[in-house]
Structure formats: structure tokens, C-alpha cells
Amino acid sequence: MTTTEEFRSEVIAWVAERYPDALRSAEVDADEAYLGGTTATFPSHAARRWMDEMSERGWVAPTWPAHLGGAGLDPARARVLAEELARAGCRPPLVSVHGLGMIGPALLEFGTPEQQARFVPDIAAGRVRWCQGFSEPGAGSDLAGLSTRAVRDGDEYVVTGQKVWTSFADESDWIFAIVRTDPAAPKRDGLSFLLVDLRSPGIEVRPIALISGRSEFCEVFFDGVRVPVNQRLSDEGQGWAVTRFILGKERQLLGQNTGFGGGRLGARELIGLARRRRGCPAGTLPDAAVRSALAEADIEEECARALVRNAGGRSPGAGPLHPSVVKLTMSAMMQHQADLAVELSGLGGLGWDGDAYGDDELAVARDYLYSKAWTIGGGSSEIQRNLIARQVLELPHLGPEEP
Ligand SMILES: Cc1cc2nc3c(=O)[nH]c(=O)nc-3n(C[C@H](O)[C@H](O)[C@H](O)COP(=O)(O)OP(=O)(O)OC[C@H]3O[C@@H](n4cnc5c(N)ncnc54)[C@H](O)[C@@H]3O)c2cc1C
């Protein structure tokens, strides 16, 4: 068994040899990511090679067991791997928020060995793409009030109802969904968690157009969809525990800014933007208010980074942070940066469509519009504050409980 530092040397040497040059030289563009699933294509040969190399080592899902497509790394080695991949500027071989980030960990936590063997390797290999069927027209913050029904019929459930804001359902193969199996039980106890093939008869997926120009959201309609009972994760009536587990994962991911699309400008890029807009490629920017705003953005980003590092319990004596703290802080920071990008762009930041604006300008305006989503998706900021009040600060309980 190698030591952690020997493992680090091994990773450094391996990355130097195997990371494709073509990916090294290309400009980082989130749209270039390989997203997995039956409809996805690799953006380039190099991206495919990188995915193959990483899969072979089990490093796409490094902490997952080797027999399920991972590498069985302990947390210390997984951290070393992540650090060295980041240091070398490697792109993730597979961007799979719902698969690698949510349902994969839930399957490892709650799944039977048969379910794990059936679903987990396909996630690690990027063969199947998943989406999340939680929110409904009448159930967002009060998720446990959802009304999509699943009625047991022999070895199957018959599912009828509607999900909404289902990101990327139109590009996904499977959906994990929380449904009501017992309407008579207290609302959280009557829920079960199902894994549903989106090609099942009775499912209709309708994309929703957004003002930002991106359209990742969908409505998903279930009309008498038959789902085998062996596709229920955990026991009947235990769906809420699985859902809460996944929401915790989601909040950590969103907090680390790996959950939403790219195009976002961080503090360093904002300085570059300010220099370009003011024709000041080097030296002190002339406007004191701009300098001050940029300094604030930089400090906020540094603090948020430190918080995320702490979230993993990395600082001596620091336990893991509640995911809501990370999510609340990071989403607010990302919104502030999007606001500042528009301000720095002046008139160039006003257009979100059309030929009158350059691509960079359109990206700034679209990111600003999209940034409103960061404090809503994965549970709104108000809900995160309620959770922190209750679960971290242990303040008195005044209203209904949040997910
Ligand atoms: C980018 C993005 C991606 C998403 N992707 C998915 C997805 O893939 N799958 C999925 O299922 N859902 C998804 N959602 C939906 C998301 O989970 C919900 O929008 C969110 O939980 C809020 O629910 P709602 O929209 O119904 O708002 P509501 O619950 O109606 O809330 C409206 C307002 O009331 C406030 N509020 C509500 N209850 C309270 C309370 N108790 N205390 C204080 N304030 C309160 C909220 O903070 C909010 O400001 C996504 C949303 C976004 C923005």
C-alpha cells in the first residue's frame, strides 16, 4: 500500500503522461463538457480519450467501490487526486451533477446490492444520464406536500402526476422521483422514492423556455406510468430520508458551484472585464469605486473558498459544515459577481439577445439573468436560513419544517 504522498507522485506522473494536450490548450468552455447518457456525444476525440483513461483507473468516481466502477479511494487519497487534477488544470471527464453527485451516492447509501450493480456502474461510465423529479407545481419549498401518486398494483407502482423545473429531463435517460404512496399517512411518512426509466409509456417531457436564453428546465408528466417495485429505493414510506440525503448532496454541490451552468465570471475575470471596458490593460484602474467593488468581490470569493474548504472538515478542529451554510454563502457570492459584471459592462450589459451586442456582452447579461436561479435551486435562501436556524443554531421552531 502506497502512502498518500507516494500516491500524489503517482497521480502527478500519470496526469502529465495521460492528460490530452488538446484539452490542455483549448479554452475552458462549460458547453464543451461531456455530460453522459444515451443522447450525449463527446465534444472532441480528446474528451473521449480523457474519459476512457479516467474510467480505466476508476477515477471518474474515485471513492466508489471498484466493483461498481470506482477506485475505492479513501477520502485522503480522493482529496489528493482532486487537488492534483485541479493543479494540472484538468477538466472533469464527465459532468454529471445528478448522477455522480446525487443518485449515485444515494444508491450507495440506500440501494440493495442488486440495485447498486444495476445502476451505479452506468453512472460512473457516463452511459446513463439522470434527472431529479422533486418539485411539483404545488410543492417546492414545502416539498413534502407533493401530490404525484404511486399506487401499488402487484409488482408495480402506477404513477400519475406532474413534476416541474426538472433540469435536463429532455436530455436524460432516467429520473429519480419522490412520490406519494400513502395519502393517509402524515405527509413525510407517506412518500416513497422511485427510479423511473424516462422511456416508460405514459411519460411526457416538455421543455420550458427561460428569459436567460438557456432552457434546461422541463415539466415531466406521468400518466399511469408502471414502475417495477424493485426500482423503489429504500422501503415504502421511507422516501423522505432518501430525498433529504440527496438535497444535502445537492446543496454541497451548488455551494461549490459545480451544480449550474458555466459562463460565470469570478473575481479574477471581473478585474479583466473592468480593464477591458475602461481601456486600462495594466496598472491602477482609474475609478476608485470600481477598485473598491473589485476588492470586495475578491475578498468575498476568498472567504467563500475558505468556507468550502472547511465544509469538508479540512481545517484542524473544524467539523463538516451544514450544507445550507455553504449553499447560502456561495449562491449569494455568485449573484453579487453577476451583478458586478453587468455594472462593469455599462450599456454593453443591457442586451440578452440579438446582434447589437458581442458574445461576451450577451454572456454577461445572460449570466446575470440566470444568476437569480442560484438562490432558488436546491432550496431557496429563505429555506436555507430556516434550516440553519433550526438545525445549526437550534432556535425555536415557529413554522412548518423545510426539506
Ligand atoms: C436552476 C434551478 C434548477 C432546478 N432544478 C430542479 C430539478 O432538477 N428538479 C426539481 O425537482 N426541482 C428543481 N428546481 C426547483 C427548485 O427546487 C424550487 O424552485 C425551489 O425548491 C423553490 O420552490 P418553488 O419554486 O415552488 O417556490 P416556492 O416554494 O413557492 O417559494 C416561493 C417563495 O416563498 C419563499 N418561501 C416558501 N416557503 C417559505 C418558508 N417556510 N419560509 C420563508 N420563505 C418561504 C421562498 O423562499 C421563495 O422566495 C430547480 C430550480 C432552479 C432555480
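1. Domain layout. The centres of domain 1 and domain 2 are 32 Å apart, taken over C-alpha atoms. This is a predicted model: local features need pLDDT of at least 70, side-chain atom pairs count only at pLDDT 80 or more, and totals for chains, interfaces and linings use all residues. Residues are numbered from 1 along each chain as its sequence is written, and side-chain values use heavy atoms, with hydrogens and water left out. The chain divides into domain 1 (4-95), domain 2 (130-237) and domain 3 (256-392). These bounds come from an automatic or database domain assignment.

2. Ligand site. Where does the ligand lie relative to domain 2 and domain 3? Domain 2 (130-237) and domain 3 (256-392) both give residues to the shell around the ligand, so the ligand lies between them. The shell counts 21 residues, and the closest are S135, S141, W165, S380 and E382. Helices are DSSP runs of H or I with at least four residues, strands are runs of E with at least two, and both are numbered from the N terminus.

3. By class, the shell has eight nonpolar, 11 polar and two charged residues. Ala, Val, Leu, Ile, Met, Phe, Trp, Tyr, Cys and Pro count as nonpolar; Asp, Glu, Lys and Arg count as charged; the others, Gly among them, count as polar.

4. A polar backbone atom of Q132 is 2.8 Å from a nitrogen atom of the ligand. A polar backbone atom of W165 is 3.1 Å from a ligand nitrogen atom. N386 uses its side chain: a polar atom there lies 3.0 Å from a nitrogen atom of the ligand. On its own the ligand has 970 Å² of accessible area, and the protein covers 68% of that. Accessible areas come from the Shrake-Rupley method with a 1.4 Å probe; for residues, only the protein chains shown count as cover.

5. S324 is found in helix 10 (residues 323-345). S324 counts as buried, at 1% relative accessibility. Buried means under 20% relative accessible area, exposed means over 50%, and partly exposed is in between (1.4 Å probe, protein chains only). The side chains of S324 and Q384 are joined by a polar contact of 2.8 Å. A polar contact is a pair of N or O atoms within 3.5 Å; within protein, one must be able to donate a hydrogen and the other to accept it, and residues adjacent in sequence count only if both atoms are side-chain atoms.

6. Cysteines. How many disulfides does the structure hold? It holds zero disulfides. A disulfide is a pair of cysteine sulfur atoms within 2.5 Å. C218 is in no disulfide either; its nearest cysteine sulfur, that of C131, is 7.7 Å away. C131 is buried, with a relative accessible area of 0%. C218 is buried too, with a relative accessible area of 0%.

7. Backbone points to check. Most residues other than glycine have a negative phi. F168, which is not a glycine, has a positive phi near 60°. F168 is found in the loop between strand 3 (156-163) and strand 4 (174-180). F168 is partly exposed, with a relative accessible area of 24%. S234 is not a glycine, yet has a positive phi of about 70°. S234 is found in the loop between strand 8 (232-233) and helix 7 (239-255).

8. Helix 11 aspartates. Is D360 buried or exposed? D360, in helix 11 (residues 359-371), is exposed, with a relative accessible area of 57%. D360 and G348 are 12 residues apart in sequence and 9.0 Å apart in space, C-alpha to C-alpha. D367 also lies in helix 11. D367 is buried, with a relative accessible area of 5%. C-alpha to C-alpha, D367 and P286 are 26 Å apart in space, and 81 residues apart in sequence.

9. D52. D52 is in helix 3 (residues 45-57). D52 is partly exposed, with a relative accessible area of 43%. D52 and L328 are 276 residues apart in sequence and 36 Å apart in space, C-alpha to C-alpha.

Terms used. A residue is near a molecule or strand if one of its heavy atoms lies within 4 Å of it.
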